[in-house]
Structures are given as C-alpha cells and as structure tokens.
Amino acid sequence: MNEEIEKRIFELADTEYKEFHSGLCPNTNNIVGVRVPVLRNYAKELAKSDFRTYLNNAKDDYYEETMLQGMVIGLSKMDIEERLNYIKKFVPKINNWAICDVFCAGLKFTNKNKEIVWEFLKVYNNSVEEFELRFFIVMLLDFYITDKYINEVISILDNIKHEGYYVKMAIAWTISVAYIKYPETTIKYLMNNTLDDFTYNKALQKIIESYRVSNSDKKIIRSMKRK
C-alpha cells in the first residue's frame, strides 16, 4: 500500500509548485510538490477505503505522506475516541507549519465536540515542542474564538512563553483574528499584556494587514507599536 501511495504522490506532483512551496517551508527537504487541493482529493479516496490499515502503517519519508495522513484522520468516518487517538499519535509527527495548519483546519469534527476536544487539547498547552504548541494554538484559532471561549483563549495566549518562531507567529495570528471577531475584548488585552515585543508587534502587523479592519482602527493599532 505504501509503495502505491508513494507512486501516486509522485504522479500528482507539480514541479513549479514544489519550487514555490519549498521556499515557504525552510528546512523541509522532502517536498514532492503536490498542491493541497489535489492531495486532499486523494485523501478523500483513502478515507473511503481501509483507512485504518493505511493510518497504522503509513510512512513519513515525504512531506506529502505526512500531510496525507493528517487529512485522512480528519476526513475518515470514526467515533470521537478513535479520532482523538489518531490525532494523539499524529501530533508528534508535525515538523512544519503547513502540515500543522492544514491538519488543524481539517479537524472539523471539533465544531460538534468543542468541550471534549478542549479538554483533549489542554495537555499541549504545556508542551515544550514548537510544533505541538503551534498545533494547540492553531486549534484555538480555528475553533475556539467564540463567545464561550474568547476570554480563556486570550488568557492562554498571554501565558505561553516559548522562543519558537512558529509559536510566536501562531500567537500573533490568533490575536489578530480575535481582534477581528472581538475587537473590544482584544484591544483591552493589547493594552495590558505580557507578550514579548516580537509577538506583540507581529499581532499588530497582522491586524493592520487585514482588509476587515477599518483605516481608522488601523491608525490606532499603528500607534500602539512598541519601539
């Protein structure tokens, strides 16, 4: 099965996309070059087949092999306990921001299981691994910037202290989305927080870059930048 999957991945590869995407993923030297929508279509095929045999024996030689596993975990029909077990096994394999973010976006079962997944995710808040922590943060970004969770999400973000670049960028990104959805709550937080200067200024930058923020609000946000 693995040989067949590897062959299919190479058949779906796009040389130009490989060069482009490799530039976005430094220190990732095993990219074949399959576009995400194309890989997702293949993942849908695998999810309808014997996905358990696939997931229990899947290889990670290539970037796309790892991403494919994450997609299949999100797409396959299984109960929540089984899915969470597969997620737990997959998270340590994440070594790249793109695999992390695509994986999180595909875990749409979270929408109907927020409380259970919230409890499951909490363990990753204490991780010292950069991409395990990014996984946790991006899951908050994708599914928990809501009325019920916004205050706790902001509190969690403020208490994460990790030097990893991809952790800091995930925090900044999440704060920017929180600002768009809950501007009053987020601006109050931005005026009194313990973020390091890099993460704080990146959060402001991402807010300013958003087309969903008015020019007058962007002017206020610019004035808050730390020197």
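Modeller: Let's start with Ile221, which counts as buried because its relative accessibility is 0%; buried here means under 20% relative accessible area, exposed means over 50%, and partly exposed is in between, with a 1.4 Å probe and protein chains only. Before going on, keep in mind that this is a predicted model: local features need pLDDT of at least 70, side-chain atom pairs count only at pLDDT 80 or more, and totals for chains, interfaces and linings use all residues. Residues are numbered from 1 along each chain as its sequence is written, and side-chain values use heavy atoms, with hydrogens and water left out.

Ile221 lies in helix α14. Helices (H or I, at least four residues) and strands (E, at least two) are DSSP runs, numbered from the N terminus. Who touches Ile221, once its neighbours within four places in sequence are set aside? Tyr179, Ile187, Leu204, Ile207 and Ile208 do, where contact means heavy atoms within 4.5 Å. Ile221 and Gln205 are 16 residues apart in sequence, with 8.5 Å between their C-alpha atoms.

Several of those partners lead us to α13. Leu204, Ile207 and Ile208 are buried there, along with Thr199, Tyr200, Asn201 and Ala203. The cover over the buried residues of α13 includes α11 (165–181), α12 (183–190) and α14 (215–223). As for its build, α13 has 13 residues and reaches 18 Å from first C-alpha to last, close to the 18 Å expected at 1.5 Å a residue; that expected span is 1.5 Å times one less than the number of residues.

At the start of α13, a side-chain oxygen of Asp196 comes within 3.1 Å of the backbone nitrogen of Phe198. Thr199 also sits in this helix, which covers residues 197–209. Thr199 is buried because its relative accessible area is 2%. Sequence neighbours within four places aside, Thr199 is in contact with Lys168, Ile171 and Ala172.

Now for the cysteines. A disulfide is a pair of cysteine sulfur atoms within 2.5 Å, and by that rule the count is 0. Cys25 is in none, as the nearest cysteine sulfur, that of Cys100, is 12 Å away. Cys25 counts as buried because its relative accessible area is 2%. Cys104 isn't in a disulfide either: its nearest cysteine sulfur, again that of Cys100, is 4.3 Å away.

Cys104 belongs to helix α7 (residues 97–105), and its 0% relative accessibility is why it counts as buried. Beyond four places in sequence, Cys104 is in contact with Phe135, Val138, Met139, Asp142 and Phe143. Phe143 is 39 residues from Cys104 along the chain, yet their C-alpha atoms are separated by 9.2 Å.

Two or more lining residues come from each of α1 (2–11) and α5 (63–75), with α5 giving the most, 3 residues.

Key: A polar contact is a pair of N or O atoms within 3.5 Å; within protein, one must be able to donate a hydrogen and the other to accept it, and residues adjacent in sequence count only if both atoms are side-chain atoms.
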